[in-house]
Amino acid sequence: MLDLLSVRDLLTSEERAVWDATRAFTTGELLPHAQGWWDAGGAPRDLMRRFGEQGLLGPTLPPEYGGAGLSAVAYGCAMYELERADSGLRSLASVQGSLVMGPIHRFGSEDLRRRWLPGLASGELVGCFGLTEEGGSDPAAMRTTARADGAHYVLTGSKVWITNSPLADVAVVWARVEGEDRVGGFVVPTDTPGFSAPKIDGKLSLRASVTGEIVLRECRVPAANRLEGARGLGAPLSCLTDARYGISWGALGSLETSYGTAREFALGRVTFGQPIASRQLVQEKLARMLAEHSKGLLLSWRLGVLKDEGRLSPPQVSLAKRDNVRAALNGARAAREVLGASGITTAYPVMRHLLNLETVDTYEGTHDIHTLVLGREATGINAFG
Amino acid sequence: MKILTLIRQVPDAEARVRVTNGAVDLEGATLVMDGMDEYGVEQALRLREGGADAEIVALAVGPRRNEDALRTALAMGADRAVHVETDAVLDPISLSKVVARIAQTEGIDLVLVGGQQADWDSQALGAATAERLGWPQLTWTNGLQVQDGALTGRHDVDEGNETFTATLPAVVTTQQGLNEPRYPTLPNIMKAKKKELRKDTLDQYGVTPLVRVVGAEIQARARMNRVIDGKDPQAAAAQLLELLRNEAKVIA
Ligand SMILES: Cc1cc2nc3c(=O)[nH]c(=O)nc-3n(C[C@H](O)[C@H](O)[C@H](O)COP(=O)(O)OP(=O)(O)OC[C@H]3O[C@@H](n4cnc5c(N)ncnc54)[C@H](O)[C@@H]3O)c2cc1C
């Protein structure tokens, strides 16, 4: 475990236990297969059940809905470990937990919670979260609509870049509600007539997780499937805040893998009669990775404590998502460089992590969008548009 | 029946330990349950899942941080834990006195201990405990069942593998391959918080260490830092053989 500043001592006994158990799970069950799943363009469906058995899906929810009542810090430790194997595998857990189970639990009726959460927690069901459209970073430009029609809503529109949509049993879809002029959330079983989810092919990033579109053609869902507590864009954005918090931890898991691989390689690789690890230029790269990892871990831990105290603010999360992911991306690039030609092959995990992190840097709010959030925090001036 | 499984805490395999002032310095190292003891806890759980009506008690003798390892055992499924908290480092013979006493006072039928004890490598703890209790000891087990109040199982001997039966109570030492320990699940980690973890002091057992560690060194093996180019596999294999034979001198 890479922990220069002994952040582990700041954790509770349960948080350490969650970290250790997930670390063992990742080492035994994920690391040996991560490259194979990447090559195959998706992890097997059964992995979601394995995640479910392990309690990795929605673990912060209360036990009556299949959760474990974990602290935010413990959840972060688990995400760190999953992403140590692969960002796509962490995505499976964070989409299902933060973006599907999260809004159903926070905004859904008791009926919706009882109907969907236990199956999602066990991994029997796969869920997806449909927010992004053509408008990309600007969710307020949403064009998908929901029209009330008696005891139903009729959904029309399309979503892109949706993790797991081609596999999903259920989608949480965000749409502009006609007559209300605000965004609402809907639980849409994917076998509803008019629902389709074509897969997006040709991905060079996050290949262990399947990505698709959602196309809604006059898709009728019972009015009871509306997430009644979600009124306006703030609702999906609050789910993203949760997921981003987890990503800030996950990125550091990936960075640990890049750093560990580069360090090991540099100690063994001899050129000009000396291990390259003895060269200042190589040490600078390792030192930078170690420094960024150490600072990032303190940052994410602090965020977790604030979250557990109910004091977390979106700009704080923007800071952590932005900086930790970029640190991991730069670290993966540096590690690739340290490995030389070997770094471009699948024999080492760094190129896979590097390619994955290109997605992580973009999704859940791009690096630059989070910069603008922080800029607004600094100046009070909105520079988005 | 009641099963006692002994838990030791050791640095994880990745940990880089240092020596400070003649003692191994665990500061900053991640400490985990000894793998051998994971086999013990897992086997106790399997005996119960296989139909034995068993209560499983996890025991640790050591510093406060051992609590983490006990919590892991509880999260795997042990029913309760006893922690004899002490900063003293106990040699296996002294430790066996504590284990035997607890086995007696708790009315234990089966004691499971690690075969090797990852941080002492003495292999004496199981034997010493069995000796004190006058119970049979079965070592290096790689299969274990309870049937009609008796143990049956397999264990490794020099010539191969033997099948045995033994009466209870008994002491069994574990080894790699006995089972595949489960990962504690996140819900079970949280549930383990509510399970009983009793604290005892070493004084209660009247035990003082008989052996004192006065110095420690870490074996450092320099790397040869030689990378063999694998483009031509046959040439690479030949080169490896030649290095192992003539330079490392590990094969004839
Ligand atoms: C593999 C993958 C999985 C995903 N999974 C999901 C999912 O499950 N659910 C979901 O809803 N979405 C998902 N997304 C979508 C993701 O959140 C979006 O890609 C992201 O929000 C950015 O949108 P965009 O790609 O359209 O980029 P754009 O918004 O078009 O941005 C392009 C570039 O322009 C910059 N930019 C945009 N606006 C501004 C501005 N005002 N000022 C300065 N610069 C600006 C951006 O920073 C970026 O560099 C996923 C994406 C990927 C790649």
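Start with A:Ile162. This residue is buried, with 24 other C-beta atoms within 10 Å. Buried here means 20 or more other C-beta atoms within 10 Å of a residue's own, exposed means 12 or fewer, partly exposed is in between, and C-beta atoms are placed from the backbone. This is a predicted model: local features need pLDDT of at least 70, side-chain atom pairs count only at pLDDT 80 or more, and totals for chains, interfaces and linings use all residues. Residues are numbered from 1 along each chain as its sequence is written, while chains are lettered from A and ligands numbered from 1 in the order in which they are written.

A:Ile162 sits in strand E3 (residues 152-163) of chain A. Strands (E, at least two residues) and helices (H or I, at least four) are DSSP runs, numbered from the N terminus. What does A:Ile162 touch, leaving out residues up to four places away in sequence? A:Cys128, A:Gly130, A:Thr211, A:Gly212, A:Glu213 and A:Ile214. Touching means C-beta atoms, placed from the backbone, within 7 Å.

Next, helix H8 of chain A, residues 280-308. At 1.5 Å a residue, its 29 residues should span 42 Å, and the end C-alpha atoms are 42 Å apart, which agrees. The expected span is 1.5 Å times one less than the number of residues. Buried residues of H8(A) include A:Met289, A:His293, A:Leu297 and A:Trp301. Their cover includes helix H4 (72-85), helix H7 (234-268) and helix H9 (314-338) of chain A. Just after H8(A), A:Gly310 has a positive phi of about 70°.

Now chain B. It has domain 1 (2-205) and domain 2 (224-252), with bounds from an automatic or database domain assignment. Their C-alpha centres lie 42 Å apart.

Chain B also has an open sheet of nine strands, with mixed pairing, in the order E11-E10-E9-E12-E8-E1-E6-E7-E13. Two strands pair if DSSP finds at least two bridges between them. Why is one side of E11 (160-167) and of E13 (197-201) in chain B without a neighbour in the sheet? Both stand at the edges, each with a single partner strand. Neighbouring strands are turned by 30° against each other on average, direction ignored. Axes are lines fitted to C-alpha atoms, for helices over the stretch in contact, and angles run from 0 to 180 degrees between N-to-C directions.

Strands E1 (residues 2-6) and E8 (residues 110-114) of chain B pair in the parallel sense over three bridges. B:Thr5 has B:Leu112 as its bridge partner in E8(B). Helix H1 (residues 35-49) of chain B packs on this sheet, its direction at about 165° to that of E1(B).

Terms used:
Contact = placed C-beta atoms within 7 Å.
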